[in-house]
Amino acid sequence: MAIAQRGRGAVTVRLQMNARRAFVMGLAWVADLLLGDPPNRFHPVAWMGAVIAAAKRRAPRQDPWAQMVYGAGLAIGGAAATAAIGCVVERLLGRLPLAWSIPLQAVLLKMTFSLRGLASAASEVRCALEGGDLDEARRLLGWHLVSRETASLDASQVAAAAIESVAENASDGVIAPLLYYAVGGLPAAMAYRFVNTADAMLGYRDPVHEWLGKASARLDDLVNLVPARLTALLLVGAAAITRERAVGAWRIWRRDHARTASPNAGHPMSAMAGALGVELEKVGYYRLGWGQRKPLAGDIGRAARLVHLATTLGLGLLLVLSLFRY
């Protein structure tokens, strides 16, 4: 009898913890939609970036193997340290009354994702294109959304790049951190954000970053395997609900997802190309949805609406996962 009671007590505690985690996710989502991101000086992701930049300045310059080992230590050690900080913070917050603990955890979780910021950046590019200011659209695209050179892009290529970024960031900027929080709490969400930030800063194939960023890039590929595919599936579902091209989203996703160098980016981007019925091309690298029409400025808004709905569907799915995981 005592063993059974202890078992029921453990289940009750677990359910309470799960409910608390689900509530934190919902509150963080509302905070993002209403408030957006704080200034960089208050943002943990900006602090992560500062740490990575400082470590990069101290990296070996000549020996590729030394660079690779140093980069691996930075990626793995940084993720582990961030997870440890998240664990300490989560435990400390767990000792506070719920009226304080849940809002503070929600604020920290919100720092790991940004839907409002993504939609705002896409909207700025769209408005510049619709206003005929191609130079400003190029500037905003390079400032907010992509790392590629934008000076030579025409209007259609700017629209395509914005749509690609919106689709890809739906995965690594929204769904992935929420997924990791759902299964591992703040430590997992914060560690994911460190890995993704390290890849964004170091994961390039150029003489400076080829070896230094290799571990960050491979680790980022690994942690995004599930989120990228889940996001693509959510985009198909969102297309069906909004009466966009759900069949096209599924068909182009299955056909073109492997056309990018990244094992993950092609999944949400190709699903988006199919949903909108457009061709997304990065000249010299890939063409997703080839044979469809070139995108227009208005398609950026359509992409943003699909991402809003897809990520909302994803939030609902992850809330259920949080509530019923054991």
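Me: What should I know about the model before we start?
Reply: It is predicted: local features need pLDDT of at least 70, side-chain atom pairs count only at pLDDT 80 or more, and totals for chains, interfaces and linings use all residues. Residues are numbered from 1 along each chain as its sequence is written, and side-chain values use heavy atoms, with hydrogens and water left out.

Me: How many cavities of 30 Å³ or more turn up?
Reply: The whole structure has 1. A cavity is a set of points, on a 1 Å grid over the protein atoms alone, where a 1.4 Å probe fits but cannot get out.

Me: How much space lies in the largest cavity?
Reply: About 50 Å³. A volume is the space filled by probe spheres set on the points, which are joined across faces, edges and corners.

Me: Which residues line it?
Reply: Pro44, Val45, Met48, Leu108, Met111, Thr112 and Met190 line the largest cavity. Lining residues have an atom within 4 Å of a point.

Me: Which helix gives the most to that lining?
Reply: Helix H2, residues 44-57, with 3 residues. Helices are DSSP runs (H or I, at least four residues), numbered from the N terminus.

Me: Now the second largest pocket. How much space lies there?
Reply: About 260 Å³. A pocket is an open set of points with protein on both sides within 12 Å along at least five of seven lines.

Me: Which element gives the largest share of its lining?
Reply: H3, with 5 residues. The lining of this pocket includes Pro44, Met48, Leu108 and Met190.

Me: What classes are in that lining?
Reply: It has 10 nonpolar, 2 polar and no charged residues. Ala, Val, Leu, Ile, Met, Phe, Trp, Tyr, Cys and Pro count as nonpolar, Asp, Glu, Lys and Arg as charged, and the others, Gly among them, as polar.

Me: New topic. At what angle do H4 and H7 pack?
Reply: About 105 degrees, with their axes 11 Å apart. Axes are lines fitted to C-alpha atoms, for helices over the stretch in contact, and angles run from 0 to 180 degrees between N-to-C directions. H4 and H7 are therefore roughly perpendicular (65 to 115 degrees) to each other.

Me: Which residues meet there?
Reply: Gln105, Leu108 and Leu109 in H4 meet Leu178, Tyr181, Leu186 and Ala189 in H7. Contact means heavy atoms within 4.5 Å.

How values were computed
Helices (H or I, at least four residues) and strands (E, at least two) are DSSP runs, numbered from the N terminus. Angles under 35 degrees count as roughly parallel, over 145 as roughly antiparallel, 65 to 115 as roughly perpendicular and the rest as oblique.
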